[in-house]
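Please consult the sequence and the model shown here alongside the text.

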Amino acid sequence: MFRPAVDKDVEAIASIYNEIFDAEEKGLLTTGWIRGIYPTRKTAQEAIDAREMIVEDIQGTIVASGRINTNQMPEYAMVSWKYDAGDMEVLVLHTLTVSRKAEGRGYGTEFIRYYEKMAAERGAPAVRIDTNAKNRNARRLYAYLGYREAGVVQTVFNGIPNVSLVLLEKKILPFDQNR
């Protein structure tokens, strides 16, 4: 079940961030995130406060989370997008996470499908996502789900220096065609 996150969810979301940091520090995956810089508990709380954090809740357990809004970071203006969309039309997914305890069960794919359905229902012509070039797992998932890499920008991103930020997009069909 997908739902807007509430204050009591912040600990579960932060716990997922820590699972990811632990795995990265053990060399089990590479996201390019840095513990204590991004994402943090504050990252989750700010998204909840803005009513932009969505969680995937399976029988009372948060297995995935992500922030969905229309906020395109300044780096988004540095690439040529194939699919035109006004700033308030495009829907952007930030900080998608899946619990390491729930990996391999399709929750990341389900989350993206939910995000795309939300965009279609709002009439968004396109959706956009960013990820660190180092995050091969995310890039593979996005490619599998039909996302196009619009470009790579060198930047300091969310406080993390020397990031090669991959910007991705996907055209969204009207809602009745997505069923």
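## Burial, sheet and pockets

Thr131 counts as buried because its relative accessibility is 6%, where buried means under 20% relative accessible area with a 1.4 Å probe and protein chains only. The model is predicted: local features need pLDDT of at least 70 and side-chain atom pairs pLDDT 80 or more, whereas totals for chains, interfaces and linings use all residues. Residues are numbered from 1 along each chain as its sequence is written, and side-chain values use heavy atoms, with hydrogens and water left out.

Thr131 belongs to strand 5; strands (E, at least two residues) and helices (H or I, at least four) are DSSP runs numbered from the N terminus. Leaving aside residues up to four places away in sequence, Thr131 touches Ala138, Arg139, Tyr142, Ser164, Leu165, Val166 and Leu168, contact meaning heavy atoms within 4.5 Å.

The seven strands form an open sheet of order 1-2-3-4-5-7-6 with mixed pairing, two strands being paired if DSSP finds at least two bridges between them. Strand 1 (2-4) and strand 6 (148-157) stand at the edges with a single partner strand each, so one side of each has no neighbour in the sheet. From one strand to the next the twist averages 30°. Strand 1 and strand 2 (residues 53-58) run antiparallel and are joined by three bridges; Pro4 stands opposite Ile54 in strand 2.

Helix 4 lies across strand 4, strand 5, strand 6 and strand 7, at about 160° to strand 5. Such angles run from 0 to 180 degrees between N-to-C directions, with axes fitted to C-alpha atoms, for helices over the stretch in contact.

The two pockets are set out below. A pocket is an open set of points on a 1 Å grid over the protein atoms alone where a 1.4 Å probe fits, with protein on both sides within 12 Å along at least five of seven lines; lining residues have an atom within 4 Å of a point. A volume is the space filled by probe spheres set on the points.

| Pocket | Volume | Largest share of lining |
|---|---|---|
| Largest | About 1000 Å³ | Strand 4, six residues |

The largest pocket is lined by 48 residues, with Trp33, Leu96, Thr97, Asn135 and Tyr142 nearest its centre. The second largest pocket has 13 lining residues, and Thr61, Ile62, Val63, Ser99 and Lys101 are the closest to its centre.

Methods
Buried means under 20% relative accessible area, exposed over 50%, partly exposed in between (1.4 Å probe, protein chains only).
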